[in-house]
Amino acid sequence: MRKGCIEVFLFGLLTIMVSGQENTVTLDEGIKGSIFYFVERLAPGTKVAVLNFNADPFVSNYVIEELTAILANNGNLIVVDRSEMALLQREMDFQLSGEVSDESAQSIGKKLGAQTIISGVLNPLGTVWRMRVKALEVETARIQGIQTYTIKRDAVFSSLLSKVPKKPRTAGEKIGTGALNIVLGLGSYLEGDIGGGFTLTAGYAVAAGLFLIEATVLDWDNPMVGVPATIGITAAGLTLVYGFVRPFVYNWNRQAVALLDNMYFDMVPTSGNNNDQGFGVRFVYVFKL
């Protein structure tokens, strides 16, 4: 009996997952599907205003423009001109990419002479986004319809998301990156700071190489005993400090980062007066003319 219940549960779960995948559409498909849905529900000749779309500004502007264009080209509904919307936006101080309450939407709709207000929202949901578009009757505040889509990333949506500025990282996040940098610069690599990660990896590699030379190459009676280890400890300490400083510089001034990236150090073979072979640390700074 239990086995049968488990099989039914798994079959139901699989059905839900497959259904969810089938309902996933691109952003453009979601916009067009929403318009066709409202055109069927609203009476011909209804005056409509696309008020706002709560999302990142680049995404919001794109969706509003596409919704307006498709509505206008459909011909069944009358669309409020975007210039009128822009004037009222400055007068009433609301953001097209922000959230607008139903009461405010009613007030704005009456000023525009619109009969229906269309607004929407786009929120991240794991690896996809959930888009909801709503039509509100201005006179009665009655919701005339809501259309919801699960949006997947395509070339258009990815391009819009790449234009969205990243939120400034907090001090705690930068310190966390610094802590991860102890592991061969892992924090910088994860942050996308490849130059910083490479510098940190090289720093720890040089320190490890110096310790290895101290342990395996030099004899106890060699006058250089202790020198590689001392330099290695210094290199490891400087690299450790750099790993915590780097996230703050990287998120503060990219010009300073470019200057830091011109500097690197590595290990090079050396020879003494008696042709004794050894290794040394080389610091290099590249001047770009």
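The model is predicted, so local features need pLDDT of at least 70 and side-chain atom pairs count only at pLDDT 80 or more, while totals for chains, interfaces and linings use all residues. Residues are numbered from 1 along each chain as its sequence is written, and side-chain values use heavy atoms, with hydrogens and water left out.

An open sheet is formed by 6 strands in the order S1-S6-S5-S4-S2-S3. Its pairing is mixed. Strands are DSSP runs of E with at least two residues, helices are runs of H or I with at least four, and both are numbered from the N terminus. Two strands count as paired if DSSP finds at least two bridges between them. Strand S1 (24–25) and strand S3 (78–79) are the edge strands, each pairing on one side only. Strands of a sheet pair through backbone hydrogen bonds, either parallel or antiparallel.

Strand S4 (residues 116–125) pairs with strand S5 (residues 128–137) in the antiparallel sense, over 10 bridges. Within this pairing, Val 121 has Arg 132 of S5 as its bridge partner. Leu 122 is bridged to Met 131, also in S5. S4 and S5 form a hairpin with 2 residues between them. In that turn, Gly 126 has a positive phi of about 70°. S4 also pairs with strand S2 (residues 47–54), here in the parallel sense and over 6 bridges. Ala 49 stands opposite Ile 117 of S4.

S5 is joined to strand S6 (residues 143–151) by 8 bridges, and the two run antiparallel. Arg 132 has Thr 148 as its bridge partner in S6. S5 and S6 form a hairpin as well, with 5 residues between them. Ala 141 in this turn has a positive phi of about 65°.

In S4, 7 of the 10 residues are buried, so the strand is largely enclosed by the rest of the structure. S5 is mostly covered, with 7 of its 10 residues buried.

A search of the whole structure finds 2 aromatic pairs. Rings of Phe, Tyr and Trp (its six-membered ring) pair if their centres lie within 6.5 Å; planes under 30 degrees apart count as stacked, over 60 as edge-to-face and the rest as tilted. Tyr 37 and Phe 38 have ring centres 5.2 Å apart and planes at 65°, so this pair is edge-to-face. Phe 38 is buried, with a relative accessible area of 0%. Trp 129 and Phe 157 have ring centres 4.9 Å apart and planes at 70°, so this pair is edge-to-face. Trp 129 lies in strand S5 and Phe 157 in helix H6 (residues 155–162), so the pair ties together parts that are 28 residues apart in sequence. Trp 129 counts as buried at 14% relative accessibility. Phe 157 counts as buried at 0%.

Ser 60 is found in helix H3 (residues 57–74). Ser 60 is buried, with a relative accessible area of 0%. Its side chain reaches the backbone oxygen of Phe 53 at 2.8 Å.

A nonpolar surface patch of about 760 Å² is made by Ile 175, Leu 180, Ile 182, Val 183, Leu 186, Leu 190, Leu 240, Phe 244 and Phe 248. Patches consist of residues with over 30% relative accessible area and no salt bridge; like charges are joined within 9 Å, and nonpolar side chains (Val, Leu, Ile, Met, Phe, Trp, Tyr) within 5 Å. A salt bridge is a side-chain nitrogen of Lys or Arg within 4 Å of a carboxyl oxygen of Asp or Glu. Accessible areas come from the Shrake-Rupley method with a 1.4 Å probe; for residues, only the protein chains shown count as cover. Helix H7 (171–180), helix H8 (186–191) and helix H10 (227–250) are the elements that give two or more residues to the patch. H10 supplies the largest share, 3 residues. Val 183 lies in the loop between H7 and H8. At 51% relative accessibility, Val 183 counts as exposed.

Conventions: Buried < 20%, exposed > 50% of the residue type's maximum accessible area, 1.4 Å probe, protein only. Polar contact = N/O pair within 3.5 Å; in protein donor to acceptor, adjacent residues only side chain to side chain.
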